Amino acid sequence: MYKIKWDKETSGILLSDSTEDTIIPPRPVYFEELDLLGFDKYWDYPKCEEPLLWGLRVGL
């Protein structure tokens with residue numbers, strides 16, 4: 001896993017090797033969340049019970 005840090009200079013994220021105490025596990029993203037954010041207006045994706053994506057939590 002990687003430690004994730006927001007980089008203000010590039011407006012992007014920086015990935016670095018993580019240690020035991022900084023592991024941030026990915027979380028599942030389901031179609032309901034994508035619909036809530038309005039992605040269904042632009043993309044077609046299956047409406048299923050399984051996760052469609054795996055998202056990373058970014059601490060800013």
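The following conversation goes through the features of a predicted model of one protein chain.

Trainee: What kind of model is this, and how many helices and strands are in the chain?

Mentor: This is a predicted model. The chain contains 1 helix and 4 strands.

Trainee: In which order do the elements run from the N terminus?

Mentor: The order is β-β-β-α-β.

Trainee: What share of the residues counts as buried?

Mentor: Of the 60 residues in the chain, 15% count as buried.

Trainee: And how much accessible surface does the chain have?

Mentor: The accessible surface is about 5200 Å², and 57% of that area belongs to carbon and sulfur atoms.

Trainee: Which residues form a nonpolar patch on the surface?

Mentor: The patch is formed by Trp6, Ile13 and Leu15. Together these residues have about 290 Å² of accessible area.

Trainee: Where is isoleucine 13 found, and what is its relative accessible area?

Mentor: Isoleucine 13 is in strand β2, which covers residues 12-17. Its relative accessible area is 45%, so isoleucine 13 counts as partly exposed.

Trainee: Let us turn to charges. How many salt bridges does the structure hold?

Mentor: The structure has 2 salt bridges. As background, side chains of opposite charge can pair when their charged atoms come close.

Trainee: Which residue forms a salt bridge with glutamate 33?

Mentor: The partner of glutamate 33 is arginine 27, and the closest N and O atoms of this salt bridge are 2.9 Å apart. Glutamate 33 is partly exposed at 28% relative accessible area, and arginine 27 is partly exposed at 26%.

Trainee: And which residue pairs with aspartate 35 in a salt bridge?

Mentor: Aspartate 35 forms a salt bridge with lysine 47, with 3.1 Å between the closest N and O atoms. This pair links distant parts of the chain, 12 residues apart: aspartate 35 belongs to helix α1 (residues 31-36), while lysine 47 lies in the loop between α1 and β4 (53-55).

Trainee: What are the relative accessibilities of aspartate 35 and lysine 47?

Mentor: Aspartate 35 has 24% relative accessibility and counts as partly exposed. Lysine 47 is partly exposed as well, with a relative accessible area of 49%.

Trainee: Next, aromatics. How many aromatic pairs does a search of the whole structure find?

Mentor: The search finds 1 aromatic pair. Phenylalanine 39 and tryptophan 43 form this pair, which is stacked, with 5.3 Å from centre to centre and 20° between the planes.

Trainee: Why does the pair count as stacked?

Mentor: The angle between the planes of phenylalanine 39 and tryptophan 43 is 20°, and planes under 30 degrees apart count as stacked, so the pair is placed in that class.

Trainee: How accessible are phenylalanine 39 and tryptophan 43?

Mentor: Phenylalanine 39 counts as partly exposed at 30% relative accessibility. Tryptophan 43 is exposed, with a relative accessible area of 51%.

Trainee: What about phenylalanine 31: buried or exposed?

Mentor: Phenylalanine 31 is buried, because its relative accessible area is 17% and the cut-off for buried is under 20%. Phenylalanine 31 has its place in helix α1.

Trainee: Which residues is phenylalanine 31 in contact with, leaving aside its neighbours within four places in sequence?

Mentor: Phenylalanine 31 is in contact with Tyr45, Pro46, Lys47, Cys48 and Leu52.

Trainee: Where is proline 25 found, and what separates it from leucine 56?

Mentor: Proline 25 is in the loop between β2 and β3 (27-29). The C-alpha atoms of proline 25 and leucine 56 are separated by 7.2 Å, and the two residues are 31 residues apart along the chain. Proline 25 is partly exposed, with 43% relative accessible area.

Trainee: Back to strand β1. What does aspartate 7 touch, not counting residues up to four places away in sequence?

Mentor: Aspartate 7, in strand β1, touches Gly12 and Leu14. Aspartate 7 is buried, with a relative accessible area of 17%.

Trainee: Finally, what is the phi of serine 11, and where is this residue found?

Mentor: Serine 11 has a positive phi of about 55° although it is not a glycine. Serine 11 is located in the loop between β1 (2-7) and β2, and it is exposed at 53% relative accessible area.

Notes
Residues numbered from 1 in each chain as written. Predicted model: local features only at pLDDT ≥ 70, side-chain atom pairs only at ≥ 80, totals over all residues. Heavy atoms only, no water. Patch = residues over 30% accessible without salt bridge, like charges linked within 9 Å, V, L, I, M, F, W, Y side chains within 5 Å. Areas by Shrake-Rupley, 256 points an atom, 1.4 Å probe, with all protein chains shown as cover. Salt bridge = Lys/Arg side-chain N within 4 Å of Asp/Glu carboxyl O. Helix = DSSP H or I, 4+ residues; strand = E, 2+ residues; numbered from the N terminus. Buried < 20%, exposed > 50% of the residue type's maximum accessible area, 1.4 Å probe, protein only. Phe/Tyr/Trp six-rings, centres within 6.5 Å; stacked < 30°, edge-to-face > 60°. Contact = heavy atoms within 4.5 Å.
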